[in-house]
Every structure is written in structure tokens, then in C-alpha cells.
Amino acid sequence: MGFGRIAFTVAITMIGLLFITFIIGRVMPIDPVLSIVGESASKSTYDEAYRQLGLDKPVIVQFLYFLWDVVRGDFGESLLTARPVLDDLIRVFPATLELATVGTIIGVTLGVPLGVIAAVKQGTWIDHIARVVALIGYSMPVFWIGLIGLLVFYGKLGWIGGPGRLDIFYVDIIPTVTGMILIDSLLAGDTDVFWNAVSHIILPAGLLAYYSLAYISRMTRSFMLEQLDQEYITTARVKGLSEHAVVWRHALGNVKVPLITVIALSYAGLLEGSVLTETIFSWPGIGLYITTALLSADMNAVLGGTVVVGLVFVCLNIFSDLLYKYFDPRSK
Amino acid sequence: MNTFKSLMLGVAAVAIVATAPATFAATPDNILVIANRIDDITTMDPAQSFEFAGGDLSRNVYSKLVNFDPADFSKGYQPDLAESWTVSEDGKTITFKMRAGVKFHSGNPVTAADAVYSLQRAVKLNKTPAFILTQFGFSAENADQTIKQIDDMTFSITTDAKYATSFVLNCLTATIGGIVDSKTVMSHEKDGDMGNDWLKTNTAGSGPYKLVNWKPNESYSLTSFADYYGGAPKIERVIVRHIQESATQRLLLEKGDIDIARNLNPQDVAGAGSKDGISILSDLRGRLMYISMNQKDPNLSKPKVVEALKYLIDYKGMQDSFLKGQYTIHQAFLPRTYLGEIDDKPYSLNIEKAKALLKEAGVEDGFDVKINVREAQERIEIAQSLQNTFAKANIKVTLEVGTGKATLGVYRAREHQIYVGAWGPDYPDPNTNAGTFAFNPDNSDEAKATGLLAWRNSWALPEMSKATKAAVQEGDREKRAAMYEAIQREHQKRSPFAIMFQKIEQTGIRSNVKGLNTGGAITGVSYWPITK
């Protein structure tokens, strides 16, 4: 797949996404003019604003205007925060990005080996334990497990930081560069802030990791089982290769490609922002932002957030496609 | 979700008992950390802000002409930026003399020009809370004539009719009465918006605290203003964090990472309140719960039936069960802490008396009646309790549960029989409630006075309407209070309203925090008297 084709796919996907969000924004029973001019405005003020917003133009022209605004990064102003939506997104998205990335790293580091071991030891107690761990991960309500985690590790044991991204006394000490506190604190060379941020992120990220771990380990197990049944594995064993090499090099090597898709999708899922996790941990991320906006009919913020989430999905898909190319000898 | 949540919280509570005592970390003595839901703040402009959390912030950042003293609300409004005032013979013009030597956070002196600009600005911008001022006849067209500067430190306002001075001044204690720094605001004006856009996210006040930053849905922080005319507050920094969940707020409070938790639910209040080092502050809020009976209904229009129904409400049973910690019994239309409040509670559940009254009214065999209620949990529970107790006097109740909009639609069209309602005052003056519960100049269907609760219940009350109108014009504050007391006592006896409960709010605070006042029903929280 050449660069041109990728660019074309992205463009088409994004235009489709923008078109759907645009239509949703238009069919919502909310009058954008009214929210600007207020209810006591006269008819002429209303009409003037109506024209200024371009609402008198054909829908397709309006859509082109909308496209142009989005391209320039102009999503309008949020009703709730009274700030440009883009500024808000720049503020909330790094919080989610940081949380999801740490969560995914933990999830992959633990989930893949767990899945591999479960497949190799299929039917033994190890496999059963791995299944139970995964099942619990799937089915425990985050509301409950998050709260209990906070109670035990923060409330009672005092091992970790409480809700929020930092202790109150560390807030606003380091300059914002990326918006991700772990990285910003290292850039500023402030290890106190870094460790404080670690103590705050570890539990919510661990929770998210548990969810992605459950999914990743189950998928890894089934991919591995499929591979371990193949003849080339028997051949490798007959050849006298160590079991370690057979499992981790040959079998896992071939599982890598589908696994990348699974991981990328689970990562993208976390990047949408987990509303419940963000609520319990008072984590000011994009999930909380979009939900709050939705509940108060703040359409600019909802549309802006949707575009960002869509963009994330598209980018991750392309990224996993590129990784395919790198890992899959057939596509070379 | 709610049952599920309480179940989970129950489990969480067991976990607390089961594990070892918490390690405790306290916040520094010069910093106050508060957990509160602040996602309703959409603007900090006093001319536009009309939400609870915004009012809290505004009260500490903007001084007003007159204000309530947190040490004693019963004294009523006290001089703040206005040192004194005089009222003209005809009662229409109030002339204010500004306090000398007061500074804004910017360092600019506070003058009469700032007060005039702030009030004119609020009227001209005409945002949601503007009615609090425009009800006195101010408008964008006449503001330049009716709100006038006289000299550097004096100015006057002229209303369109004679109003009680206490009515006007009470309204000036509302958030919209905040005095802004006219020079600073004008320097940020954009397209003739009078700085409205800039003041959404910035402040220009002269209050005890100044804003450091506000991150929407996340936090705001304040720092004490060294030149505050009343003396710089002891607590140097106030940090308010948005914490949505009650259980999370409780955990932070128990752990000592915050000093004050503003949104604890009753279970968490009970749990946290039993811990050492935490105390619970209960404060009254303005919201009332009531039922009302449509006077178009042949049975409900009989005074004895109305009275009987007031004896068929299990006030205490509801207060002590599902409304525990959220509402307290209150039977008059002015919330407590308002000017003219009364604490009379003439009614309690008394089935024998109710039966006797129904007999006198000639309906001892009972009748069928429909109660309209919106689909909100506590209101449905109230309606169900009424259904039980009414049945004991042979009154058979059908509940009609609907969406808020549909139920309100029935009510405003005067098509209900009995309605379960809630009412919150709009501004800190008794007229905000008296003007709707006890005022209905034209009871005809054509009047369409849908904003008046008395009209919605088809209740004609010519005498009481006159009394309410007279109270609005009574210049003497004490006399005016006495008038409202009399109106409420009469209202309790005769009106088709059975006012049942007043909202209370419980706040969890660390025991070393002294001097917190969350503002009662009339105003917002005051941070400046707090010490640790």
C-alpha cells in the first residue's frame, strides 16, 4: 500500500466521519442561533445571526464551511466552558492519552505472556486461573472495583495517591509542554512531581490495564492455540528445537500480526476515554468532557470530541497497517 | 443504578471496618482544600452567573454594595461597598455613599463610577438573572437616567414605583449585584460586549479573594487579597476541586487530603460523621417541597377538605425515612433564613381530626383524586406516602407519573387535581416566594398568569394579594418582616398549599476548620471567615 493510497483512505474516512457528525449536529433539536443570541433577542438580531452562521445556505455548502473550519482546527466555542473547543481538547486529551498509554503498556506486558502460557498449558490449572482472571476483568463493574481499590490502596494502606492527577500541592508547579504530566515532569527534571504523578496514575491505569489484559490475553490464547496446531510447529519440535524457541519465537512470531490489530483496537478503545474511571478518579479526560457536554447539549464540544476520537481510531488503524507491513514477510 | 450504587457503597463500608485505621495526612494551615461539584460554572461574569457553584465563587471575589454578614444572617443586609444610603421622600430614589479607601484587585480605587457601570452593565447585558434588577423598572433604554453618578463617591438609583427599601437592597445582595472594576473591564471590551466575554473566565472584583485560575470541570483556586478593606483573610489559598462522586469526596475527607466535602450523600454523611476528626455541618437551603390542590375541583375547593388533607400528610415519617438528611419539615412559604421567616408547624399526621373535618365538609365517605407527580424519585416517594395516608380517610389516590415537562404542562394549564411540587427562590428577598404563593391579582383563565403558583391552582385571594403588594412597598424592614409573618400564618390556614419540607444540605468538614458558613437559603458560601 503506497503513501498516496493511505492518504486517500484517511481523507475518505475522515470526510465520512465529519459528514456523519455534521448531520447529527444538524438533526439534533437544538437551535444554534438561540444559544448565541439568547431567548430575548429580537427577530432581526436572530435573522442576522442566522445569516452569519451561514444557516440560510444549502446544506452542502454549510458542510463545506464546516469542513473548512475543522481543517483550520476551529470547532467553535464550548457553551459549558466558554472557551474554544480546541483549547479544551488540547487540555483534556493528553490526560486520557497518558492514562490509556500507561494502561495499554501494562495490559500488553502482562496480557500477552498470560495468553501464551494459557495456550501452552491448555486445560491445566494455569489455564483455568488465566480464564478466571480474564473473566473477572471483563465482568467487574469499574465503579465498584475502582472505589474498592481507592479505599484499600489509598485510604487504608496509603501506598498510592488519591483521585486526581497530582496531589493538590504539586498542581501547576511544572510548565505544561505535552500535557502529559509524566513526560512534562521529566522534561522539567522534577522527579518529585514525576513520582507523585506515578502514584496517582497507577491505580486507574492498572484498572484500564486489567480490562485490556482480559481481552488481550484471551485473544492471544486463541491465536496461539491455532498456531500450535499447525504442522510447522510439529516440524520445529521434530527438528529438536527447544520448547521455548518453538513457543516464543515460531508460534508467537506468527501471532504478532493479528495481535497488533487487537492491541491497537483495545488502545483506541481506551483513548476514547473511560467515563466511569475518569469519574471515580476525578481524571479530567476526554471521556468525562464529551459526556458532560452531551448531557448539557453542548454540541460544539460533542462534535469536536467526536472528531478527535474518530481521528484517533483512523490513525491507530493506519499505524497497525504499517506495522503489519513491517512484521508480515508476505507483505514485503 | 442508585440501588446498585448503595449496595456497592455498603460493601465499601464493610471494607472500611474490616481494614486497619487510615494513615492521616493534613493540609497545611494556610491552605483550604474543598471538594465540590463545580461543573455548573459556565461564566464568572456577575451579570450572567446564575448557578450555585458560580454564586459561591462570586461571593468571595466580588464585593457588593450591601451584603449578608456570615456571622449573623438575621441582621439582614449590611453595608459593604456602600457605606450608607438615604431614601427619597417618595421612596423611589436611593442614594448610596461609597466606602472610601477600598481597592479593586487591580489596585484601582472603588468609586461610584464603578458601581454605576456595574449596575447599568447588568441591566444592559440583560442576561438570565437581569430580571432581579429589571423588575424595578430599569431597562437598557432608561439605565443611563435611572442609575446615575452624582459625584466621585455618591450615586443614586431610581425605581419606577415605590418599593420597600429592603426589597431593593436584598436584591442587590444577589450575585448580579457584584461590583466590577470598570476600568479593567472596559479595557477588555470587544465588539461592544461590555467585557462579557473576558469576564467569563477572568474576574475584576474587590472581594476578600482573587481568582488565580479556573479550569472548567476541574478546579479553581483563589488567593487572599492583601488589600481587602475588611482585612486579608487568614487562609491564604483556597482550592476547590471538582469531585463528582460522593464516595470519592468522603474518602479524600477521611484521609485528610481535603478540608471540606460539599456533596456527601446521606449514606456517606452517616459514615464519615462517625469518624474522629470529622464533623458534619447541616445548613438550610431555599428549595421547598409542597403539594397544592386545584380550586376548580369541587371537592378540593371545600376549605374543610383542604384542611383535612393537611392533617393527612405524614410529615415526620417522610422526614425520618427517605428524606432523611435531605429535607426538614417546614410549613410556611418563606424558607427559613429569609426575612420574615416563621417556624410554625401547625400540622402533623392526625387521621381522626382529618376524618372529622371531612365529615363537616360532607364527604365522610371519601372521594377519588388524582395526584400529578413528575418522575423524580423523592417526589414519587412523597406521592406514595400521601397515597397511603389519604387512604386511611377513604380518599382513594391515583398517581399520574409523567415527565417533568408533561407534568408541568398539566399544572400550568390548571388541569391537575393535586400536584406534588418543588419551588426554589430566585433572589434573596421574601417577595420571590410571596409574589407567587400569595399573589394572584386576576384569577381568570384568560389572565394566563402561569408564573404564579396561586393562579396555577385557581386560587383567588384578593385580600392576600393586596397584603403581599403592600409588603413589597413597606419601607420599614421590621414592619415588613411582621407583614410577611402575618401573611404566612394566614396562608398556612387558608391556602390550598400544604408546604411540607425545606431542603437541607450537609457538609463534611475536618474538625480543625472553624468558621465555615455555606450561606443558608439566601446566599453562597463565605471562605474569608474560615480559620484552621
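Here are some questions and answers about a predicted model with chains A and B.

Q: What share of the residues of chain A count as buried?
A: Let's start with the dimensions: the C-alpha atoms of chain A fill a box of roughly 85 × 55 × 40 Å along the principal axes. Chain A has 332 residues, and the share of them that count as buried is 38%.

Q: Which residues of H1(A) and H4(A) make the contact between these helices?
A: Helix H1 (residues 3–27) and helix H4 (residues 59–71) of chain A pack at about 115°, their axes being 11 Å apart. The crossing is right-handed. The residues of this contact divide into seven nonpolar, no polar and no charged. From H1(A) they are A:Leu18, A:Phe19 and A:Phe22, and from H4(A) they are A:Phe63, A:Phe66, A:Leu67 and A:Val70.

Q: How do the residues of the contact of H10(A) with H11(A) divide into nonpolar, polar and charged?
A: Helix H10 (residues 231–238) and helix H11 (residues 243–271) of chain A pack at about 145° with axes 11 Å apart, and their crossing is right-handed. H10(A) brings A:Tyr232, A:Ile233, A:Ala236 and A:Arg237, while H11(A) brings A:Val246, A:His250 and A:Ala251. Sorted by class, these residues are five nonpolar, one polar and one charged.

Q: Is A:Gly304 buried or exposed?
A: You will find A:Gly304 in helix H14 (residues 299–327) of chain A. Leaving aside neighbours within four places in sequence, A:Gly304 is in contact with A:Phe75, A:Val85, A:Leu86 and A:Leu89. A residue needs 20 or more other C-beta atoms within 10 Å to count as buried. A:Gly304 has 27 C-beta neighbours inside 10 Å, so A:Gly304 is buried.

Q: How far apart in space are A:Gly304 and A:Ile183?
A: In sequence, A:Gly304 and A:Ile183 are 121 residues apart. In space, taken C-alpha to C-alpha, the distance between A:Gly304 and A:Ile183 is 25 Å.

Q: Why is chain B as compact as a globular protein of that length?
A: Chain B has 19 helices and 17 strands. For its 532 residues the globule rule gives 24 Å, and chain B is as compact as a globular protein of that length because its radius of gyration is close to that, at 25 Å.

Q: What percentage of the contacts in chain B between residues at least 6 apart in sequence join residues at least 24 apart?
A: The C-alpha atoms of chain B fill a box of roughly 75 × 70 × 40 Å along the principal axes, and buried residues make up 50% of the chain. Among the contacts in chain B between residues at least 6 apart, those that join residues at least 24 apart make up 69%.

Q: Which element supplies the largest share of the side of chain B that touches chain A?
A: Here 31 residues of chain B are in contact with 27 residues of chain A. On the chain B side, helix H1 (2–18), helix H8 (196–201), strand S10 (237–242) and helix H9 (246–255) each supply at least two residues. By class, that side has 13 nonpolar, ten polar and eight charged residues. The largest share, six residues, comes from H9(B).

Q: Is B:Asn217 buried or exposed?
A: B:Asn217 sits in the loop between strand S8 (209–215) and strand S9 (219–224) of chain B. Its phi is near 60°, a positive value in a residue other than glycine. With 22 other C-beta atoms within 10 Å, B:Asn217 is buried.

Q: What is the phi of B:Asn394?
A: B:Asn394 lies in the loop between helix H14 (377–391) and strand S15 (396–402) of chain B. B:Asn394 is partly exposed, with 14 other C-beta atoms within 10 Å. Although B:Asn394 is not a glycine, its phi is positive, at about 65°.

Key. Residues numbered from 1 in each chain as written. Chains lettered and ligands numbered in written order. Predicted model: local features only at pLDDT ≥ 70, side-chain atom pairs only at ≥ 80, totals over all residues. Axes fitted to C-alpha atoms, helices over the stretch in contact; angles between N-to-C directions. Helix = DSSP H or I, 4+ residues; strand = E, 2+ residues; numbered from the N terminus. Left-handed = near helix turned anticlockwise from the far one by under 90°. Contact = placed C-beta atoms within 7 Å. Nonpolar A, V, L, I, M, F, W, Y, C, P; charged D, E, K, R; others polar. Rg over C-alpha atoms; globule rule 2.2 N^0.38 Å. Buried ≥ 20, exposed ≤ 12 C-beta atoms within 10 Å, placed from the backbone.
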